[in-house]
Amino acid sequence: MKHFVLAWMVLLGGVVALPARAAATYFTTPQVLKEFFPQSQRVTYRKVKLGPAEQAALQGRLGYKPAKAEYVFFVATTGEHVDGYALIDEELGQHEQITFAVKLSPEGTVERHEVMVYREAYGQEISDARFRRQFQGKTVKDPVRAGTDIDVVTGATISSRSMAVGVRRALILLDELVLKPDASRNTKG
């Protein structure tokens with residue numbers, strides 16, 4: 001158990017490296033996971049390394065090459081039941097990375113979206129509940145595009161678009177790397 005906790009803390013430190021000059025930190029990784037899965041017995045993780053086949057498939061679905069060589073999915077369980085998944089990722093705003101988290105149901109539907117660290121000088125309105133609620137219920141079949149099915153926040157247009165891109169990516173990553181029947185071949189956790 002001690003080794004598991006230590007490994008988890010090391011992993012968390014590697015997932016989200018907070019800058020010294022963050023404009024606003026709303027959640028750390030442990031905080032957001034506790035918010036997402038308050039009733040779950042365990043939250044573990046599954047690390048997925050992208051091979052050439054996964055990169056090609058993701059590039060085809062996303063329309064761009066994934067920025068990372070591996071992704072970490074947090075998996076909340078109670079007994080043998082999967083309660084849900086969480087992905088913590090970053091997307092470029094106007095000048096700085098925005099760290100965000102997406103909570104997904106076992107079937108891959110967005111249940112919640114949170115901005116964890118916002119570093120830009122403007123546009124932090126995307127952390128408002130009204131904007132974030134637009135992502136609830138989205139699935140991989142939805143476009144999740146700013147201006148199409150996601151309303152942008154006035155004065156935070158670029159950050160709004162960035163969050164739409166990030167949540168869309170989270171949906172596709174989960175679908176392609178975890179939920180597909182043959183997705184377990186490249187995972188560790």
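## Around Val-167

Val-167 touches Phe-100, Val-102, Val-110, His-113, Phe-135 and Val-144, leaving aside residues up to four places away in sequence; contact here means heavy atoms within 4.5 Å. This is a predicted model, where local features need pLDDT of at least 70, side-chain atom pairs count only at pLDDT 80 or more, and totals for chains, interfaces and linings use all residues. Residues are numbered from 1 along each chain as its sequence is written, and side-chain values use heavy atoms, with hydrogens and water left out.

Val-167 sits in helix 5. With a relative accessible area of 0%, Val-167 is buried (buried is under 20% relative accessible area, exposed over 50%, partly exposed in between, with a 1.4 Å probe and protein chains only).

## The chain as a whole

Five helices and seven strands make up the secondary structure, and their order along the sequence is α-β-α-β-α-β-β-β-β-α-α-β. Both kinds of element are DSSP runs numbered from the N terminus: helices are H or I with at least four residues, strands are E with at least two.

Of the 189 residues, 43% are buried. Take contacts between residues at least 6 apart in sequence, and 61% of them join residues at least 24 apart. The accessible surface is about 10,000 Å², with 51% of that on carbon and sulfur atoms; the areas come from the Shrake-Rupley method with a 1.4 Å probe, and for residues only the protein chains shown count as cover.

Which residues of helix 3 are buried? They are Glu-54, Leu-58 and Leu-62. These three cover an arc of only 50° around the axis, which puts them on the same side of helix 3; the arc is that of the directions from the helix axis to the C-beta atoms. Pro-52, Ala-53 and Gly-60 are exposed on the other side. The buried residues of helix 3 pack against helix 5, and just after helix 3 comes Gly-63, with a positive phi of about 90°.

In helix 2, the buried set is Thr-29, Val-32, Leu-33 and Phe-36. Down the axis of helix 2 they fall within an arc of 100°, so they line one face of the helix. Gln-31 is also in helix 2, residues 29–36, but is partly exposed at 43% relative accessibility.

Helix 3 (52–62) and helix 5 (157–179) each supply at least two lining residues, with helix 5 giving the most, at five. The lining includes Arg-61, Leu-62, Val-144, Arg-161 and Arg-168. By class there are eight nonpolar, no polar and four charged residues (Ala, Val, Leu, Ile, Met, Phe, Trp, Tyr, Cys and Pro count as nonpolar, Asp, Glu, Lys and Arg as charged, and the others, Gly among them, as polar).

## Val-144

Val-144 lies in the loop between helix 4 (129–132) and helix 5, and counts as buried at 3% relative accessibility. Its phi is near 45°, a positive value in a residue other than glycine. Most residues other than glycine have a negative phi.

Conventions: 1 Å grid on protein atoms, 1.4 Å probe; cavity = no way out; pocket = protein on both sides within 12 Å on 5 of 7 lines; lining within 4 Å.
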